[in-house]
Amino acid sequence: MSVQGVAPAQGTKKLDLQKLLAPAVLVGLYAFFAIFGNNFFSSYTLKTILESAYYTGLMSFGITFVIITGGIDLSIGTNMMCSAIIGGVAFSMWGWPLWLALCLVPLVGLAFGFINGVLVAKAKLPPFIATLGMMLVTQGFGSIVSRVQTQRYPTIGTAKEWFKTVFYRTGNFPTGALYLLAAFIIAAFVLNKTRFGRYVYAIGSNEEATRLSGVRVDKYKTLAYMVCGLFAGIGGILYAATYTTAIPGTGNGLETYAIAAVIIGGTSMAGGSGTMVGTLIGIFIMAVLKSGLASLGLQAHWQTFFTGVVVIGAVLMDNVRVRAAQKVKVES
Amino acid sequence: MSQQNEVLVTMTGIQKYFPGVHALNNVRFDLHAGEVHALVGENGAGKSTLMKVLTGIYQMDGGSIEIMGKPVEIRSAKDAQDLGISIVHQELNLLKDLTVAENIYIGRENMNGILLDKKAQNKRAQDFLDQLNLNIKATQNVGKLTVAKQQMVEIAKALSHENTRILILDEPTAPLSDVEIEELFRFIRDMRSRGVGIIYISHRMGELKQISDRITVMRDGQYVDTVDTAATPIGEIIRMMVGRVIYEDPKTESQVAPEAPVVLEGKNLRSRDVKDVSFQLRKGEILGLAGLVGAGRTELSRLVSGADKREGGEIYINGQLADIQTPYDAVELGIGYLSEDRRRYGLCLGLSVANNIALTKLDSFIQGMAVNDRKIKSTAREYKEKVDIRTPSVDTLVRSLSGGNQQKVVISKWLVRNCDVLIFDEPTRGIDVGAKNEIYKLMHALVDEGKSIIMISSEMPELLRMADRILVMCEGEKTGELGIEEATQEKIMALAAPQV
């Protein structure tokens, strides 16, 4: 009797193998491009891969929380761009010191995240609809505030070149990677080790059961969207450091890459499961793909195409995984 | 109509292995036309596994199956359907926004060229329902029907496949009240007289006497015996199931001290489905809530525990007016609600046993900023022992536990919270006899500690055994209150039945 009605040990092992799938894909992809790509296997390319992951990575860490609650935030791409634009406006049009303008950027992201949270948790709008609306709102808001002027951040060789060196690259050293790493450690800690993180999983697994357990679900859901917005805002700084310009009316579509990375990393769109490590790996799979396809001589539109293929593949894998997990169940 | 003694199903020497578990060991089972053959056993005994083998969901690892005398291989649910085997699951699979007719003929719609012929389909469905003597309108939306009626629609759907001769009912009465059960039984008897062979899975011993002709008992994945229902006392069957004797005597007097203070009081409570109900709950008391399904018992509990909006009335806790708006408020004030539907409202199935247990009181497991997982796990292990949760580890996902063990996880998570008032809504639904007894014991231990319990149950013997006082509801109103000394099934029924 004692062994019946429980998950058989072998089933668990199978699931663990699936956990290794994403890292294996990452290594496999890298090896593939190293062999077949032009000049791919070099420390220079490695650095390019790393640098292309900064702002997408920040967005991915943030939205991992939201996706684990069972929600989605489509506004992160435009939120990030809007935050960067408003920072630029504060710096160039309002005459704020650069450091102060940079402090404003994450706060803008946080504010939009808060609005998303209220719309979803309090007003009970479906996350897809609420954040789709906010995608347009943030995009429009950036244009309104900037009067549709492209915002320029200081670049190397100008007076405030410290911005580039602090947030992007110093000589040969990729300083931006430090922020990516720090964001990863903080996000992983918050998700795995804090009360908020634990509630994020519980809400995603069964929101109503969590509410009936005496958890203030509204509050923690709102918080998840705020964290997501905050990370997008910080991503805005790294975006500005990468490209030095923030163009009103853009940002739209960047969220798809961030969301794709999360899904590739094994976070289920159904909510309740996923890890920050998975997201990190997903981010690098996306980044390797981007550099790798370029090294094969394929242009950006090919990258778009393959990103789509990889996302669909990842979701298919997710379905297989969910089904496998449910099959493990043995009942009387 | 075929002859009544025709053998429909013969399963012999069935073997089924899951990794690490010998789920079915040399099991046999047979079914005749025109009989109700009950299949009983504790959770984990292998009943569902056996039925999944018969319906093609699992492939057997050994043994043979004959359907109407012919050896068959059942590799998929469709194979089973083609052989005339239909199953009605405990969880209903109806589309609530579609009509009865649309549900019955889904996938086999009446067509007129490329267009749906709704009129013909509705007529066909209505004729069929009438033929089954079901008082259900084919054009009604399924979501608007009572659970009992939905169940019958599900059975009608199974029977509407023309070749269905073998019908498996998995715990059909679990969500039903006594009156509805009678209605269902009449229907089942009618089906039986038409030559359908019915395999009936239930945990409710009393029912087997009423409805079944033969009973097959399974234990630990093995076949124990098949007996004639009429010739076998219930006690004997239970002994075969569990290998031990369980006593179920009704309580004769209240165990609550007369001077025990009132811990929870509701005054003129109103919500969408509760009409002006007042009640008192005393320290150390088990207050039973009796009534038919839809009487408003669950709704009253949800109101008190903040799950539903209160539209009127006051709640007092230890004499103090309490402003309960959300479950959070209720839990903070020491009221915990254990839902009747543990999978939907009680558990995070995708989380571990430990994380589920810690959910009601995560604050106490936080050190500095971080959750102390070691402490969560050691607490969970403590409850695993105390409540006897049968799980390989506290890291196991709740999804993979059996119903009885899931219920023990729900109870544990509320024990951790240490609420003064616990509301148990159908705590033993779908749970085997052995686990039921353990849950009763836990409830007794709680009131002995000075906690108070509100217990909803549709099984009257259970209420008569557990409660100190019984409050009866009907159609959202309180229709009476009986001390345990005076309560009988007849008196409860008289109060619970709607006055026409």
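Trainee: Which strands does helix H9 of chain B lie across?

Mentor: Helix H9 (residues 297–304) of chain B lies across S13, S14 and S16 of chain B, at about 115 degrees to S13(B). Axes are lines fitted to C-alpha atoms, for helices over the stretch in contact, and angles run from 0 to 180 degrees between N-to-C directions. Contact requires C-beta atoms, placed from the backbone, within 7 Å. Helices (H or I, at least four residues) and strands (E, at least two) are DSSP runs, numbered from the N terminus. This is a predicted model, in which local features need pLDDT of at least 70, side-chain atom pairs count only at pLDDT 80 or more, and totals for chains, interfaces and linings use all residues. Residues are numbered from 1 along each chain as its sequence is written, while chains are lettered from A and ligands numbered from 1 in the order in which they are written.

Trainee: What makes strand S13 and strand S16 of chain B a pair?

Mentor: Pairing needs at least two bridges found by DSSP. Five bridges join S13 (residues 262–271) to S16 (residues 312–317) in chain B, so the two strands pair. One bridge links B:Gly266 with B:Ile315 in S16(B).

Trainee: Why are S14 and S17 of chain B called edge strands?

Mentor: The open sheet has the order S14-S13-S16-S17 in chain B, with antiparallel pairing. S14 (274–282) and S17 (320–322) each pair on one side only.

Trainee: Why is B:Val394 called buried?

Mentor: A buried residue has 20 or more other C-beta atoms within 10 Å of its own (exposed: 12 or fewer; partly exposed: in between). B:Val394 has 23, so B:Val394 is buried.

Terms used:
Contact = placed C-beta atoms within 7 Å.
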